[in-house]
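Here is a structure to look at together.

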Amino acid sequence: MIRNYLKVAWRNLARNKGLSFINIVGLAIGMAFAILIGLWIKFELSFDKFHVNGSRIAVVNKNTIFNNQKNTQIGIMLPLYTELKTNYPEVKRASRMDWNNRHSIMVGEKKLNKRCTHVDPDFLEMFTFPFIEGNSKTALNDINSVVLTESLAEALFPKGEAMGKTIRVDNKYDKKVTGVLKDLPVNSTISFDYLAPFEFKIQNESFVKENLTNWGNNFLKTVVELKEGVSMEAFSKKLAPLVTTKNNKLKNQFLFLHPMNNWHLKNDFKNWVNVGGKIEYVRLFGIIGIFVLLIACINFMNLSTARSEKRAKEVGIRKAVGSHRYQLISQFLSESLLTAFLAFLLSLALVQLFLPLLKDIGFENIHFDFTNIGLLVSVLGICILTGLLAGSYPALYLSSFAPVKVLKGLFRQGKAPARFRKVLVVSQFAISIGLIISTIIVFMQIQKAKERSLGYDPNNLITVEASDDLAKNYQILKQELLNTGLFEAVSKASSPMTAIYNSWDDYSWEGKDPNADMIVSSVMTEYDYEKAIKLKFKEGRSFSRDFPTDSNAVILNESALKMIGYKDPLGKTMKLGNQTLTIIGITENILMENPFEPVGPMAILFVPDNFSNLFIRPKEGADTKKVIAAMAPLFEKYNPSLPFEYHFVNEDFNRKFINENHVGKLAGIFAGLAIFISCLGLFGLAAFMAERRIKEIGIRKVLGASVANLWLLLSREFVLLVILACIIASPIALWLMKDWLQKYDYRIDINGWIFILTGLVAVIIALITVSTQAVKAALTNPVKSLRTE
């Protein structure tokens, strides 16, 4: 019986090639992108799941109140680690982690610039990073040891003899390789090229040593693994008041545990509440994938029910010769399942075709593994579900025909099926229009942030990360760069232009509320900083060699001035700890962190010895190739331990929009697909309606109807359905996008023209789609359409 069902199903597909093509292509595209989204969601949900003890691992975060705002920070004070290890029996293991800074590595003539994370020995026991060589229990016991990843070990020692070898770090320290790890999985939140003991920093960096007991300086991460049976929530509450207990001057600071399972997808906090993060995009694209597949299924339903009159006699004869309704339902479902299976095979090819094209928008680590049985079963399940969903209504509807009416020629479609088809068409276009509106708003939000005044000029600005050699040779390097005649200015600062490394709460000024907790972002720099980054001043000046007292000067941004409240700030003083600072300039707010949030108070200080980045401004119109060619030998000369690496600041800034760009582009692709699949169905429906009304069209032409009249007759109903879809989609999209925009402090206002423009575009696209069939039917010779054999 099943064989017979499939044979009949195949014949029906072959007999209606155009309709079959539309159904198969529509379902294939819908399934392909449902599979792609499913693969992406599977990848995103897999982050950090390979850690055996992952459910008991957390990072210690801190809730604070500064500048009258509730904030959450990951930076933690150094003495917390010792406190946890000593006085909290609930903690099984703990480790400090620094910020994955880059360090130079030299082996013979090889020079590499790699990311190092300094950790404690417990780190390798807490996390599941398998060893190729070495032992997790002893690898980091020696403060001069390092543990390399496999790819770094191969880069430094191609013959695979890394264990026990010595590498030179920062052209200053010799360290011994005591372990080699397998390369970290791409779905790991933690990333590094090699590990070194945190104890090394304590022994060799005075800043770290000075803060061993300081509960007020936050500059590292602390991760813990709790013992089995310990409640993470309960322990988090117990830990909360620790900072104030240790130092009662530190008010409104509360520690809590952020579980590892939330690091990747739920890492956004607002007003001390975890408001999600990337999980929002996972949910969003999951819903969009379902909608795109649903639109494809709607096509199948519409086209199957529209041609019901052609199948009516078949149903009547089958019932007359004894077929039961369940057999007819099985027959029609077998047709939909066969169509879905053919579409499924095509969708697998489309997945392989599309994956390379989507690598730049978040799919670079996604692939379809044909050897993964579980994955194949899952996608086959999507195929079967699609076939059943798409075929359920047509099967139930067609199998309900009364054989007597059908065989006597009395069967006519009622209004209910036609209404249902209209509902389906409206649903299709409402989803498509909603996606288009959402895409436009996402792109406008990104563009608004990109066009925001930065307070400096990021274009044509080159930055190079600092090193010990650059610190030692900075002045001579700066002079030789300027001597080439290609550069306008060279300077340095304690932070790159896309982040702030220092924020301090020990500023004071006349009129400050002694009970208020205020924090000011701080950038330390030297002469020519304003020339290098083209700092935009509102009033005053920058640091100058003409004023020896500028070593005790400060430049504030507009936000800091607003907080301090000085009316005529130039020449007035404020304090940083015990140091008195004179305000010499006020700049525009310099955007260095989140482009969607307000810029906080910032102070620029004259501290030439503290820097993390060099900033180099080529002269206007200078050839980039010549500029880089002039820089390379000088950096190789004065920074011999590192390969010459540089970045353009505008490119670094644009990386802040990666997530939003991915969302915008993917939403655009899905909106385009949704409208394409909808139009594909509309095309088939219009063709069938034109065929069904061919005699009516012929009679109207004989009676004098023009092509324009006939075109309007056939197109009007579809256009009205699309307009209705616009009316339904617009308020829903407005509500959803207003909610999405709430997470951005700096956001656009949604204008009415977006909805009007989207509606016009949708109507025009639908009109063009329907017109191809309407005009064709209107131009048909009435002699042919009215002739009966």
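Q: What are arginine 96 and aspartate 120 both called, buried or exposed?
A: Both arginine 96 and aspartate 120 are buried. Buried means under 20% relative accessible area, exposed over 50%, and partly exposed in between (1.4 Å probe, protein chains only). This is a predicted model, in which local features need pLDDT of at least 70 and side-chain atom pairs pLDDT 80 or more, while totals for chains, interfaces and linings use all residues. Residues are numbered from 1 along each chain as its sequence is written, and side-chain values use heavy atoms, without hydrogens and water.

Q: What makes the contact of arginine 96 and aspartate 120 a salt bridge?
A: The N to O distance between their side chains is 2.7 Å. A salt bridge needs a side-chain nitrogen of Lys or Arg within 4 Å of a carboxyl oxygen of Asp or Glu, so the pair qualifies. Arginine 96 lies in strand S4 and aspartate 120 in the loop between strand S6 and helix H4, so the bridge ties together parts 24 residues apart in sequence. Helices (H or I, at least four residues) and strands (E, at least two) are DSSP runs numbered from the N terminus.

Q: How do you know that glutamate 225 and arginine 56 form a salt bridge?
A: Their closest N and O atoms are 3.1 Å apart, which falls inside the limit already given, so the label holds. Glutamate 225 sits in strand S12 and arginine 56 in the loop between helix H2 and S1, 169 residues apart.

Q: Why are glutamate 225 and arginine 56 called buried?
A: Glutamate 225 has 0% relative accessibility, so it counts as buried. Arginine 56, with a relative accessible area of 15%, is therefore buried too.

Q: What makes the contact of glutamate 125 and lysine 137 a salt bridge?
A: The N to O distance is 3.6 Å, so this pair also meets the limit. Glutamate 125 belongs to helix H4, and lysine 137 to the loop between strand S7 and strand S8. Glutamate 125 has a relative accessible area of 22%, so it is partly exposed; lysine 137, at 58%, is therefore exposed. Salt bridges with shared partners join Arg56, Arg93, Glu125, Lys137, Glu225 and Glu228 into one network. The structure holds 28 salt bridges.

Q: Why is isoleucine 167 called buried?
A: Its relative accessibility is 0%, so it counts as buried.

Q: Why is asparagine 68 called exposed, and asparagine 252 partly exposed?
A: Asparagine 68 has 68% relative accessibility, so it counts as exposed. Asparagine 252 has a relative accessible area of 31%, so it is partly exposed. Asparagine 68 lies in the loop between strand S1 and strand S2, and asparagine 252 in the loop between helix H9 and strand S13. Neither is a glycine, yet phi is positive, about 65 degrees for asparagine 68 and near 55 degrees for asparagine 252.

Q: Why is leucine 736 called partly exposed?
A: Its relative accessibility is 44%, so leucine 736 counts as partly exposed. Leucine 736 is in helix H23.
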